[in-house]
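Student: I would like to learn how to read a structure step by step, beginning with a single residue and then moving to the whole chain. Could we work through one together?

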Amino acid sequence: MAEEKTYPMTAEGLAKLQAELDDLITNKRPAITSRIQEARSFGDLSENSEYQSAKDEQAFVEGRVKQLQQMIQFAQVIDASSASKNVVTLGKKISFKEVPDGDEETYTIVGSAESDPLSGKISNDSPMGKALLDHKTGDKVEIPLPGNHSVTVEILHVSKAK
């Protein structure tokens, strides 16, 4: 039997997934069911756009529920405090600058399930996340970019994410 995929994440990431799942099950499902029942009352379902729209939304929600249940079931919560203080691991906040004279940037390394680059959370599976993992404060790291290019950064600070 094939081994199930694990989903490394922080405790905060797991809590967010659980909250989303709870919302879908307790709020979205009943609302969609009501929309479907109301749309059925309009008669002919073959030309009923409200009915089709509600069924499409129901399919999306059910797919997301299954995805969230799988991610939660196989979540691997990572405790960043168990790793060395200055080493980049999942759940750590990293500040670095492009060498020789770039601006300082700060990101938190998280599992792919909770990645949100616009909020400063990058996946451990991303090229940047993979390159930074297991390095420590003061290290210079080459980060691959598209088109066979790369950039070198110096890690300035590593701390446990809040």
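Student: Is Leu68 buried or exposed?

Tutor: A residue counts as buried when its relative accessible area is under 20%. In this predicted model, Leu68 has a relative accessibility of 0%, and therefore it counts as buried.

Student: Where in the chain does Leu68 lie, and which residues is Leu68 in contact with?

Tutor: Leu68 belongs to helix 2, which covers residues 49-73. If we set aside the neighbours within four places in sequence, the contacts of Leu68 are with Leu17, Glu20, Leu21 and Leu24. By way of a distance, the C-alpha atoms of Leu68 and Asp44 are separated by 34 Å, and these two residues are 24 apart along the chain.

Student: How many helices and strands does the protein chain have, and how do its elements run from the N terminus?

Tutor: There are three helices and seven strands in the protein chain, and, read from the N terminus, their order is β-α-α-β-β-β-β-α-β-β. The radius of gyration is 22 Å, well over the 15 Å that the globule rule gives for 162 residues, so the protein chain is more spread out than a compact globule. Along the principal axes, the C-alpha atoms fill a box of roughly 70 × 35 × 35 Å.

Student: What percentage of the residues of the protein chain count as buried?

Tutor: Of its 162 residues, 30% count as buried, and Leu68 is one that counts as buried. The protein chain exposes about 10,100 Å², of which carbon and sulfur atoms supply 50%.

Technical notes:
Residues numbered from 1 in each chain as written. Predicted model: local features only at pLDDT ≥ 70, side-chain atom pairs only at ≥ 80, totals over all residues. Heavy atoms only, no water. Helix = DSSP H or I, 4+ residues; strand = E, 2+ residues; numbered from the N terminus. Rg over C-alpha atoms; globule rule 2.2 N^0.38 Å. Buried < 20%, exposed > 50% of the residue type's maximum accessible area, 1.4 Å probe, protein only. Areas by Shrake-Rupley, 256 points an atom, 1.4 Å probe, with all protein chains shown as cover. Contact = heavy atoms within 4.5 Å.
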